[in-house]
Amino acid sequence: MNMPERVSPRDMLDIIFANRNRSYGAYLLRREYPATMRRALGWGMLLIGSFIFVPQLITALAAALPSENVYDAEYVSMAPPPIEVITPPPPVIETPPPPSRSTIAFPPPLVVTNDQPEEAPTAVDVILDSDAEVSSKTTEGDVDAPPDLGEVNTEVLYVEAPAPKEDNTTYDLAGVQKPPTFPGGEYDLLKFLAENIHYPAMARDAGISGNVAITFVVNKDGSVSDAQVLKDIGGGCGKEAMRVIALMPRWSPGEANSHPVKVRFTLPVRFRLE
């Protein structure tokens, strides 16, 4: 058995282009193709290797090189030294005392004994005609000098207004400008009484009905105190009215002269059988 003879690619190319135009270009391209592929593969591998190994090589070289001592210089801006300015003290100017005015003696009369010589007082006419000030002794000075007022107190005095006196007077409704009022007004007062008054059983059994008059004081803070029964119809109605008065909330206090005051208030509480 005969084995087929192996033909190289170059010989195969010559066989294919045996009767063809080899200068056309295809023959040269096929002939140079293997060499071109080998060069391209080599350059490609070289380029890829450079991307991979060059950074590692640079890092290794940098680590192997001796490091240089680098000193960071810090520049501090220094302010110029302060200049001490010595200010001489102001000269002391002594102010001469103001000239004193002339005075003329006019001492008060003295009681002397007969053995003591009495000094003749200055005549009144002389004093009236003189421009000097009247004093206990006569001195020479400047008549036109200003009068000596003595030491003048330069402190500013603040006069505080006196605190208003607390008015604890209990007024009646006619003596105040603003009467005390129940929170919400008269309607809420009647509603409060209706909701809180319980008709006494004794008065209900006895058929007692009518108005109980209660007087009490509305204080400055609106609280209710000093409640009293002015008129009672019996059957425990007065006691029940007093109990409800003690449950009242704070009122709006009455006012006199724009200040809260205590006001006595009289309230009729009605008991009616249905």
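Modeller: Gladly. Keep in mind that this is a predicted model. Let's begin with strand pairing: strand E6 (residues 254-256) is joined to E7 by three bridges, and the two strands are antiparallel.

Biologist: Which residue of E7 is the bridge partner of Gly254?

Modeller: Gly254 is partnered by Val261 in E7. The hairpin of E6 and E7 has two residues between the strands, and Asn257 there takes a positive phi near 55 degrees.

Biologist: How many bridges join E4 to E7, and do they run parallel or antiparallel?

Modeller: There are nine bridges between E4 and E7, and the strands run antiparallel. As an example to find on screen, Ile214 has Leu267 in E7 as its bridge partner. Strand E3 (residues 170-171) is parallel to strand E7 (residues 259-271), with two bridges joining them. There, Thr170 stands opposite Lys262 in E7.

Biologist: Where is Asn219 found, and is Asn219 buried or exposed?

Modeller: Asn219 sits in the loop between strand E4 (210-218) and strand E5 (224-231). Asn219 counts as buried because its relative accessibility is 15%, and the cut-off for buried is under 20%. Leaving aside residues up to four places away in sequence, Asn219 touches Val224, Ser225, Pro253, Val261 and Lys262.

Biologist: Now the aromatic rings. How do I read a pair?

Modeller: A pair of aromatic rings is described by two things, the distance of the centres and the angle of the planes. Here the count comes to six aromatic pairs. In one of them, the ring centres of Phe182 and Trp251 are 5.6 Å apart and the planes lie at 90 degrees, so this pair is edge-to-face. The pair links distant parts of the chain, 69 residues apart: Phe182 is in the loop between E3 and helix H4 (186-196), and Trp251 is in the loop between helix H6 (237-246) and E6. Both Phe182 and Trp251 are buried.

Biologist: Which residues do ring pairs link into a cluster?

Modeller: The cluster consists of Phe182, Phe192, Phe216, Trp251 and Phe265.

Biologist: And what should I look at when two helices pack?

Modeller: Two packed helices are described by the angle between their axes and the distance between the axes. For H4 and H6, the angle is about 120 degrees and the axes are 10 Å apart. These helices are therefore oblique to each other, and H4 passes H6 in a right-handed crossing. Phe192, Leu193 and Asn196 of H4 make the contact with Glu240, Arg243 and Val244 of H6.

Technical notes
Residues numbered from 1 in each chain as written. Predicted model: local features only at pLDDT ≥ 70, side-chain atom pairs only at ≥ 80, totals over all residues. Heavy atoms only, no water. Helix = DSSP H or I, 4+ residues; strand = E, 2+ residues; numbered from the N terminus. Buried < 20%, exposed > 50% of the residue type's maximum accessible area, 1.4 Å probe, protein only. Contact = heavy atoms within 4.5 Å. Pairing = 2+ DSSP bridges. Phe/Tyr/Trp six-rings, centres within 6.5 Å; stacked < 30°, edge-to-face > 60°. Axes fitted to C-alpha atoms, helices over the stretch in contact; angles between N-to-C directions. Parallel < 35°, antiparallel > 145°, perpendicular 65-115°, else oblique. Left-handed = near helix turned anticlockwise from the far one by under 90°.
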